[in-house]
Amino acid sequence: MLITRETDYALRILRALSRGDQMTVAAISQDQQVPKQFAYKIIKKLSKGGLVSIARGAEGGCSLAADLRQVSLYRLLRMMEEAVHLTACMDPDYACPWREANGHCVAHCQLAALQQTLDRELQAHSLHQILFGAENVSA
């Protein structure tokens, strides 16, 4: 699993909004070097996930709707990515032809253990910590 450009842009958008100001998509795009066409799509996902509020109209814009200290990197990845698995066979809905034909798969077991470790680690880091560093966790 890699953090996609979309998730990277989401982190940038959240970084801009963490200043506490309501911002337009155009201002966020310029400030964080996120292409506008992506910013609209990402902000919609962030809003659906409860991280961003969108105000429409002449005085509209976006603002942060969640405390980034309480939101894990894992949650953001789940919000932005279709799958957060190391490999397709980690998806519970995946039908593995090898396992169907041969039964037990050592590689799957090893990858599943790695997936669990990765998930725990991603859940242990808040977006605030990722964006501003560990030294500012209590700030």
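Visitor: In β2, which residue is the bridge partner of V52?

Guide: The model is a predicted one. β1 spans residues 52-55 and β2 spans residues 61-64. The two strands pair in the antiparallel sense, and the bridge partner of V52 in β2 is L64.

Visitor: Which residue in β2 is the bridge partner of S53?

Guide: The pairing of β1 with β2 is antiparallel and extends over four bridges. One of the bridges joins V52 to L64. For S53, the partner in β2 is S63.

Visitor: Which residue in the turn of the hairpin has a positive phi?

Guide: β1 and β2 form a hairpin, with five residues between the strands. In that turn, a positive phi of about 105° belongs to G57.

Visitor: How are α1 and α2 oriented to each other?

Guide: Helix α1 covers residues 5-17 and helix α2 covers residues 25-32, and their axes come within 10 Å. The axes cross at roughly 110°. Angles of 65 to 115 degrees count as roughly perpendicular, and therefore α1 and α2 are roughly perpendicular.

Visitor: Which residues of α2 meet α1, and how many residues of this contact are charged?

Guide: From α1, the contact involves R12, I13, R15, A16 and L17. From α2, these meet I28, D31 and Q32. By class, the contact of α1 with α2 holds four nonpolar residues and one polar residue, and the number of charged residues is three.

Visitor: How are α1 and α3 oriented to each other, and how many nonpolar residues does their contact have?

Guide: α1 and α3 pack with their axes 10 Å apart, at an angle of about 75°. That angle makes α1 roughly perpendicular to α3. E6, Y9, A10, I13 and L14 of α1 make the contact with F38, A39, K41, I42, I43, K45 and L46 of α3. Among these residues none is polar and three are charged, while the nonpolar ones number nine.

Visitor: Which element supplies the largest share of the lining of the largest pocket?

Guide: The largest pocket has a volume of about 180 Å³. Its lining consists of T24, V25, Y40, I43, K44, I54, A55, R56, G61 and C62, with six nonpolar, two polar and two charged residues. At least two residues come from each of α3, β1 and β2. The largest share, three residues, comes from α3.

Technical notes
Residues are numbered from 1 along each chain as its sequence is written. This is a predicted model: local features need pLDDT of at least 70, side-chain atom pairs count only at pLDDT 80 or more; totals for chains, interfaces and linings use all residues. Side-chain values use heavy atoms; hydrogens and water are left out. Axes are lines fitted to C-alpha atoms, for helices over the stretch in contact, and angles run from 0 to 180 degrees between N-to-C directions. Angles under 35 degrees count as roughly parallel, over 145 as roughly antiparallel, 65 to 115 as roughly perpendicular and the rest as oblique. Contact means heavy atoms within 4.5 Å. Ala, Val, Leu, Ile, Met, Phe, Trp, Tyr, Cys and Pro count as nonpolar, Asp, Glu, Lys and Arg as charged, and the others, Gly among them, as polar. On a 1 Å grid over the protein atoms alone, a cavity is a set of points where a 1.4 Å probe fits but cannot get out, and a pocket is an open set with protein on both sides within 12 Å along at least five of seven lines; lining residues have an atom within 4 Å of a point. Grid points are joined across faces, edges and corners, and a volume is the space filled by probe spheres set on the points. Two strands pair if DSSP finds at least two bridges between them.
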